[in-house]
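This report describes a structure from its coordinates, beginning with a single residue and moving out to the whole assembly.

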Number of protein chains: 2
Amino acid sequence: MAVAVETFFLDENYGGTLQKQLQEIVTSGILSGRFLPGERMPSSRKLAAHLGISRITVTLAYTELLSNDYLTALGRSGYFISETAPLPPRFEPSAQNGENQVDWSRALGQRFTTYSGVGRPLDWRNYKFPFIYGQTDASLFDHGNWRRCALQALGQRDFEALTADYYDQDDPKLIEYIVRHILPRRGITARPEQILVTMGAQNALWMAAQILLTQRRTAVIENPCYPELREILNQTRCNTLSIDVDIDGISPDAIPADADVVFTTASHHCPTNVTMPLDRRRALLNCAEKHDFVVVEDDYEFEMSFLKPAYPALKSLDHRGAVIYIGSFSKSLFPGLRLGYMVASETFIREARALRALLLRHPPGHIQRTAAYFLSLGYYDAQISRMSKIFAQRREVMFDAMQAAELHIAGQNSFGGSSFWMAAPTGVDTTQLSLDLRQDGVLIEPGAAFFHPHAVKANYYRLAYSSIPASRIAEGIEKIATAMRKTGYT
Amino acid sequence: MAVAVETFFLDENYGGTLQKQLQEIVTSGILSGRFLPGERMPSSRKLAAHLGISRITVTLAYTELLSNDYLTALGRSGYFISETAPLPPRFEPSAQNGENQVDWSRALGQRFTTYSGVGRPLDWRNYKFPFIYGQTDASLFDHGNWRRCALQALGQRDFEALTADYYDQDDPKLIEYIVRHILPRRGITARPEQILVTMGAQNALWMAAQILLTQRRTAVIENPCYPELREILNQTRCNTLSIDVDIDGISPDAIPADADVVFTTASHHCPTNVTMPLDRRRALLNCAEKHDFVVVEDDYEFEMSFLKPAYPALKSLDHRGAVIYIGSFSKSLFPGLRLGYMVASETFIREARALRALLLRHPPGHIQRTAAYFLSLGYYDAQISRMSKIFAQRREVMFDAMQAAELHIAGQNSFGGSSFWMAAPTGVDTTQLSLDLRQDGVLIEPGAAFFHPHAVKANYYRLAYSSIPASRIAEGIEKIATAMRKTGYT
């Protein structure tokens, strides 16, 4: 038997080289059982002619397949499917997998599908005016140097960092860089034992909640608030108290004496962008001492302080070890990286490390090592500098456009950041507005998800400038203003 | 002011090129505030002479620093620290961070540091006879092609896969490959909505436990058992019942009627390696229907079935949707990858997806895409073939050596796998034995952690052959036998 040359088709939309495509056709033919061991392959000349491609491409693909034992070469007789090629599936897959014969309403002990998200489409890049928050702007990210750092981290010297099961440990190079270069710029001193790498700030918040809260404890959060944090706390079934932020963030005076944990985004309140002044930071820490609560400081966007120098982190003012600090590389590098870190008392970090080991062991070594190189070669700081300059320009363009269009800015971002917190006229439902605007290629983020569900203010929304070029901002803002006017509310 | 050439020192142990080292010295000098904006850098000629390196190396490093705005060039006057260079830390780090002023015994709501692990050293590669389980053998892993696939996944075309916040989604390419090529070889048919990518099997087990168990529910586990699973269940505070496995794995007859979830490693029991026969698999599923429980099937090592073809997965026999299937790339690729997957009813996967979004959002995109390429180009199957051949050889050498040394094999691995489950004479404490053997460069895994804590059999241990070359096996086994004789028990 021979594999017929007619079974080979090229796919114009294949995302790789011709050689790779050929290789994939052959391996998938073998693994799916269509090509059988001992069958003769078309000669490279014949296959090349059939597909209209160069013979060398076929030869290179065959050579690669030889080295992985998919093919064998029998001298002048040509190429054959190897008798010891990796095996095709051995079972007839079952015709159908029942879905509804288990009573899941009974089988599920806990439900997690209660939260529906802010409402951002995955294909946001297809929108011309993406005022979307938290995604990476390809024009700002130093992809070339990231690639080079990743390549270095894929080298022989870093084989261990790539492949090893670290158990509950982290990449020492990344920890060292965080200790020596990142934390100092927030005024924080820490020892390696006081740091744990996490799968982004999200993962850090989740772990902090698991460790600190129970059904009998009280958590205090800001209102409005990062919606996923509210959801995390719901899952712990603790008593959660939402306190409205004022222009200086959350007020210590409003925190009750029975609070166990206070979650705050002091440097850059999510989503209003207000910044807690130094005297209130000190008051909050005094209050923590007086009422004996722990503070979880989510410092998720401190890098983007381009209008004024950032205030030191709460953690840097904390002489009692009562602050659990959370940092993230999602905004300064990219969110798909899924890297963040926690800094806290060694006692707490020990628990977090044990929890993380049960949860997922450790963030992938390769990603930690790549980040360590990117940071230590100065690319990270260079990128933050670049982003800050561009964000400052975009912010100015956007501010002017919003003034001209008479859109009302509700939040204060006097330090920078990457978004504006906006208020539409009372009566406007920004969830509906956001859906309407998608038809015009405009993405805005409705504000509803940020509020306590019993006190949703449906007219708020967020406009980010982290992923939209300055040249499109004015037109996008004008479209929002037009849609707003159409609602009839003023 | 000028930066003195004398402040430059090369570190012989630096893990990169000279150019990178120079670049790092300059950026860290700037970021730490030692080099100030406007200061003149040594000329490339002078610095090259001082360090005894080529001038072109210095020039290349300077050029890179120029492009990232750490340096500026002023015509013939040379290089200066840029006035707009990324900024050094702005705060004096606080002198000390209090650690003991918070009463953590009160502040911690839940403790996770109760489990101490099997006891494996991180520096296992420094041992000459590493009978360690679950780490990657550099001589077997196809590092070159992994590197090439990673490089492809770092390309411009995959920018979105690398950087994007996927929210609760996964890489469609990886899901597609799992559906089309991996699940069929376990006899499983699934739709993409029935699959979730996880951070290894550990993460999948954790999520399954969170979703299915509460304090009022009963989980059944095998005894002995994967220790981290027992620990995960302890944390959910469910009622956990340990059932001793026999030579066919866990017996359905021993499962009580009030069981809610049964966790099993049917294809390859951890740690004894026994395989559940097909008739018992069917009996287990019948029992699940009768008593209305859900089965979590951890199929962590099915790829290593080189002695006999693997039986189809429990999931493939499940027509009611009562099995939650867990697969992992940790054994077939490498554990530092942290990739696994769950296959289950859509209702369950929806909950798991929502939980994962709160926990960590999604496994890093780059890692998913790299794995998708490695799989789709056939390298994964080729590697499994290669590993199977080598493991079969090692297993044979080891079996003979153990017979000669009169070491007693307790478990059955008639399908393959990567380890033997061993019984030392009664009275031997393998935890102590393992520490003693480390002095001789031998790593074995004491068995205590695998047993229910109230019925620990201290004389069991595990010997893996996944990371030790065949040439060292006999000598290592002889050393174990010698140490065993020294204990005086027979």
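## A buried strand residue

A:Ile195 is buried, at a relative accessible area of 0% (buried means under 20% relative accessible area, exposed over 50%, and partly exposed in between, with a 1.4 Å probe and protein chains only). A:Ile195 belongs to strand E4 of chain A, residues 195–198; helices (H or I, at least four residues) and strands (E, at least two) are DSSP runs numbered from the N terminus. Not counting residues up to four places away in sequence, A:Ile195 touches A:Ile175, A:Ile178, A:Val179, A:Leu183, A:Ala190, A:Tyr341, A:Met342, A:Val343, A:Ile349 and A:Arg353, where contact means heavy atoms within 4.5 Å. Between the C-alpha atoms of A:Ile195 and A:Pro37 there are 53 Å, and 158 residues along the chain.

## Basis of the values

This is a predicted model, in which local features need pLDDT of at least 70 and side-chain atom pairs count only at pLDDT 80 or more, while totals for chains, interfaces and linings use all residues. Residues are numbered from 1 along each chain as its sequence is written, chains are lettered from A and ligands numbered from 1 in the order in which they are written, and side-chain values use heavy atoms, with hydrogens and water left out.

## Domains and the annotated span

Chain A is assigned domain 1 (5–81), domain 2 (124–134 + 381–486) and domain 3 (143–377); the bounds come from an automatic or database domain assignment. The C-alpha centres of domain 1 and domain 2 of chain A are 51 Å apart.

An unreviewed UniProt entry lists residues 16–84 of chain A as "domain: HTH gntR-type"; such annotations may be inferred rather than shown by experiment. That span is 51% helix and 9% strand, and its end C-alpha atoms lie 27 Å apart. A:Gly78 sits in the loop between strand E1 (71–73) and strand E2 (79–81) of chain A, and is partly exposed at 22% relative accessible area. Leaving aside neighbours within four places in sequence, A:Gly78 contacts A:Thr72 and A:Ala73. A:Gly78 and A:Ser43 are 35 residues apart in sequence, with 6.5 Å from C-alpha to C-alpha.

## Nonpolar cores

A nonpolar core is a set of buried Ala, Val, Leu, Ile, Met, Phe, Trp, Tyr and Cys residues joined through side-chain atoms within 4.5 Å. The largest has 188 residues, and those with the most contacts inside it are A:Ile477, A:Ile480, B:Ile477 and B:Ile480. Apart from that core lies another, of 104 residues, including A:Phe112, A:Leu205, A:Leu213 and B:Ile221.

Beyond neighbours within four places in sequence, B:Ile480 is in contact with B:Phe131, B:Leu407, B:Leu437, B:Val442, B:Ile444, B:Tyr461 and B:Leu463. In chain A, A:Ser434 lies in helix H14 (residues 430–438) and is buried at 4%. With the same exclusion of neighbours within four places, A:Ser434 contacts A:Val442, A:Ile444 and A:Pro446.

## Cysteines

A search of the whole structure finds zero disulfides over all chains, a disulfide being a pair of cysteine sulfur atoms within 2.5 Å. For B:Cys287, the nearest cysteine sulfur is that of B:Cys238, 18 Å away. B:Cys287 counts as buried at 10% relative accessibility, and A:Cys149 is buried at 1%.

## Relation of the two chains
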